[in-house]
Amino acid sequence: MTALSRRSVLGGALVLGFSTACAGSADAQVQAGAPALPGSLRTAPFLDSWIRMDAQGAVTIATGKAELGQGLRTALLQIAADELRLPMAALRLTTADTALTANEGYTSGSHSMKDSGTAIRHAAAQLRALLVGAASERLGVPAAQLTVRDGSVVAPSGQSVPYAGLVAAAAQHVQAAPQSTFLPPSLIGRPIQRLDIPGKVTGAAAYVQDMRLPGMLHARVVRPSGIGATLAALDAGPVERMPGVVAVVRDGNFLAVVAEREFQAMQAMQALSVAAQWTPGPAVPKPDFAALRAQPSEDTAIVDRRTPGVGIFGAGRSMEASYTRAYQAHASIGPSCALAQFAEGRLTVWTHTQGVFPDRSAIAEMMRMPPDRVRLIHVEGAGCYGHNGADDAAADAALIARALPGKPVRVQWTREQEHLWEPLGPAMATDARATLDPSGAIVDWDYAVRSNTHSTRPGPAGALLAARLVAQPFPVPKPTAIPQPEGGGDRNAIPLYDFASMRVMHHFVPHMPLRVSALRSLGAYMNVFSIESFMDELALAAKADPVEFRLRHLKEARARDVVTLAAEKFGWTPGQAAPPVEGMSRGYGFAFAQYKNLAAYCALATEVEVDRRTGRTRLVRATAAVDSGQAINPDGIRNQIEGAILQSMSWTLIEAVTVGDQGVTSADWASYPILRMNGLPDRIDVHVIDRPGAPFLGTGETGQGPTAAALGNAIANATGKRLRDLPLTPEKIKAALAV
Amino acid sequence: MIALQVNGRTHEVDDDPATPLLYVLRDTLGLNAAKFGCGLGQCGSCTVMVDNEAVFSCLTPITVLEGREITTLEGLGTVDKPGPMQTAFIAEQAAQCGYCIPGMMMRAQALLQSEPNATEAQIKATLQPNLCRCGTHMRIVKAVQHAATLMQQERKI
């Protein structure tokens, strides 16, 4: 047994230690033959990994997931407070910290509510049961007759015992049971206001960027002139003599400067950039889709239910189409930042990584330190939308802090560094082929997606930029594909529709001309765009209404419900024609997907106007219906779906990374424009279907794909032109209209 | 030394006069709200008010700010006593990650001080320099309209 009630002082407050046993440790072994535990209890099965009540009855919840701006803190506290019948304000929450919380891997894939929310709900319910059990013994009243209210267990006689009086009798370091009794929801399902917003709108310290540790120094990195460039010459002397400069840190091609004040660090960084002479690396091949298609690939049929005699093997009307997607960026508003302190052989890093445990493994390996000497603490950054510069900035901070033992060091990336060095969302190409029978039903479907990996996240040190730059560099890990059922490039490549004959191929392309990784929804964005665009093309060929055509092929009740609700709330009518506006073409589009075919359902109807003169598209309005299972916070779901629609609209209409022979060239908001206020729709309506009692499905990524397709379909409806190459820019639309 | 008036208080700072206001606010004065986003005047995360006008604090050296009234988000209210702009953003839940929000609020504040009856179109046009990556725009516009109503009610009282 390990020490399970460590205490540590963090930010002046006393924080209770948690049982952080991981799967595989002696502590974590679940009895053989026991039923699987729900959510992340599977890998951290002890109740006190998730929830602890101290002798005064104060409750602390711990999650291995991180707040990324998605409202995780509020939702998790709603869940825990509900099962304990305590006010949310009475609960404390510790988020991802390698010293204090369970290892829940990455906060990604819309998994937080499903994994952590489920674990915390069970842990809270089971802690309540322990308290009720203790009260039952104390009062001599059967547990079934006891209720909980306002932090006490209450008997039918009115006699009550506060939780604090029972906690000593309720052993909390126990393995969770596979099933719990939940109370009827009173906080779950309500649009509780986010707990973090008041601080964020009044200037409270909310982000890692806002941390100021005593004696903290400011660092800036200087990146190579391009991919693979090496440092040929550097006279750091003049920079070292600049005001406030404490050190120039160099390790191979890793270069940084540290100063007392932030502006001094910025000035020194500029001087150091000028002083550093780089030998360029080999030219980066111009990324184009012909090159992507020409690369060797590892080919897998992720579904093969081809039926001889139908479709391509039989009679019917066959159609085919190919779609492409440019490299796109996370483009966080706040460039990456991290703090690190190296003292007495221990390293602490404060980071906005999505995965403190895997990032710790990578940093420890890079530093050649045992992982238990390295602690990573998640502190919020600006929204990341996937694997951006966060982990790399954490590694930068660690390397620099080691050069200045004892001193806390804060590294802040520049805008240019974030844009040029973040891992991109991969370029992709898809090919779809289908056969319609004379009745207008799709009888055969053959689809292929070709893509690089969608995760090069840490784990291995070589995943970190800094680890590739140091004098003894770590090799870039061999890229791998994320397997089905979640998938990476092939995420959502399998349509949810019911076709008699179907094959879906994943052509995984290991060779990466540019560094790529997870961008919100991974391959689902492109696959849903492709599938739902093609469904529209097929509907048109079958002379069917696009919504009716989808329902014709959709059996699952919850899928049909979101499609039907989105269409109804939008006022979708077969044969609808948008009122003409001078110089504009207006049109309607529809799309649907269940994220990963196993998470939230989302259907979306859009109205767009296309300026025939400029080719510019504007979303006029969007109506979405979403089913995320049991809704924990419906306003949180709406906020995330509204955000998904606007962000995906920005990707879909304007965003593409530009590349030169030294790497990415889109270095700022002028060369990589994103949505601004002048691109807003008139309205967005999000309708949440609550499914009380159903599992939590998560929400964060479900809107990305349907938005892209609903926009493409609306543009086709408005203009009569089908665009298949993302982004659907004014230039491409103008060119299509000119034909 | 340069004397800066921030949120109604005078601060003597010894930073290099060329230092952009943003770094003095954040590092010397310990104020969190103004954010570093680009340092290029392209995203608006650093927006504060100088004499009631919205400015990019990342581009404005402190040497030009002596004798001028600087207002940051911290100057609009506190968690316990939020101002109308803050009350409105909380009521509309107009944030996801929230990083861009202080800049949005300060530019909106400057607009509503000079144009208390600003229309939706004016609000959108005014906020054009400020970027949001989470896609919270609809709520931001709604919150500014809400703030305008609250400010008008305050004036009537």
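In this predicted model, A:Gly226 touches A:Pro280, A:Gly281, A:Gln662 and A:Gly663, leaving aside residues up to four places away in sequence. A:Gly226 sits in the loop between strand S9 (217–222) and strand S10 (230–233) of chain A. A:Gly226 counts as partly exposed, because 19 C-beta neighbours lie inside 10 Å and burial requires 20 or more.

**Nonpolar core**

The largest nonpolar core has 279 residues. Those with the most contacts inside this core include A:Val257, A:Ala338, A:Ala398 and A:Val626. Helix H2 (residues 112–139) of chain A gives the core its largest share, eleven residues. What does A:Ala398 touch, not counting residues up to four places away in sequence? The contacts of A:Ala398 are A:Ala340, A:Leu347, A:Val349, A:Ile363 and A:Met367.

**Strands of chain A**

Strand S17 (residues 346–351) of chain A runs parallel to strand S18 (residues 374–378) of chain A, and five bridges join them. Within this pairing, A:Leu347 stands opposite A:Val374 in S18(A). S18(A) is mostly covered, with four of its five residues buried. A:Leu347, which lies opposite A:Val374 here, is also among the contacts of A:Ala398.

A second pair is antiparallel: strand S11 (residues 245–251) of chain A and strand S12 (residues 254–259) of chain A are linked over six bridges. A:Val257 in S12(A) is the bridge partner of A:Val248, and A:Val257 is also listed with the residues that have the most contacts inside the largest core. Two residues lie between the strands of this hairpin, where A:Gly252 takes a positive phi near 65°. S11(A) is largely enclosed by the rest of the structure, because five of its seven residues are buried.

**Helices of chain A**

Helix H1 (residues 72–84) of chain A has 13 residues and reaches 19 Å from its first C-alpha to its last, close to the 18 Å expected at 1.5 Å a residue. Why is H1(A) described as largely enclosed by the rest of the structure? The reason is that 13 of its 13 residues are buried. Just after H1(A) comes A:Arg85, with a positive phi of about 50°.

Helix H11 (residues 524–541) of chain A has 18 residues, which should span 26 Å at 1.5 Å a residue; the end C-alpha atoms are 25 Å apart, in agreement with that value. H11(A) is mostly covered, with 16 of its 18 residues buried. A:Lys543 follows H11(A) and has a positive phi, near 55°.

**Backbone geometry**

Most residues other than glycine have a negative phi, and most peptide bonds are trans.

| Residue | Phi |
|---|---|
| A:Arg85 | about 50° |
| A:Lys543 | near 55° |
| A:Asn492 | near 65° |
| B:Asn52 | about 70° |

Is A:Asn492 buried or exposed? A:Asn492 is buried, because 30 other C-beta atoms lie within 10 Å, and 20 or more are needed. A:Asn492 is found in the loop between H10 and S22 of chain A. B:Asn52 is exposed, because 11 other C-beta atoms lie within 10 Å and the limit for exposed is 12 or fewer. B:Asn52 belongs to the loop between strand S3 (47–50) and strand S4 (53–56) of chain B.

There are also cis peptide bonds. The bond from A:Gln484 to A:Pro485 is cis, with omega near 10°. A:Pro485 lies in the loop between helix H10 (465–469) and strand S22 (501–508) of chain A, the loop that also holds A:Asn492. Another cis bond joins A:Leu726 and A:Pro727, with omega about 0°. A:Pro727 is in the loop between strand S29 (725–726) and helix H16 (730–738) of chain A.

**Contact between the chains**

How many residues of chain B are in contact with chain A? On chain B, 48 residues are in contact with 48 residues of chain A. The elements giving two or more residues to this side of chain B are helices H1 (21–28), H2 (84–91), H3 (101–114) and H5 (137–156) of chain B. By class, the side of chain B that touches chain A has 23 nonpolar, 18 polar and seven charged residues.

Methods: Residues numbered from 1 in each chain as written. Chains lettered and ligands numbered in written order. Predicted model: local features only at pLDDT ≥ 70, side-chain atom pairs only at ≥ 80, totals over all residues. Contact = placed C-beta atoms within 7 Å. Nonpolar A, V, L, I, M, F, W, Y, C, P; charged D, E, K, R; others polar. Core = buried A, V, L, I, M, F, W, Y, C linked by C-beta atoms within 7 Å. Expected span 1.5 Å × (residues − 1). Pairing = 2+ DSSP bridges.
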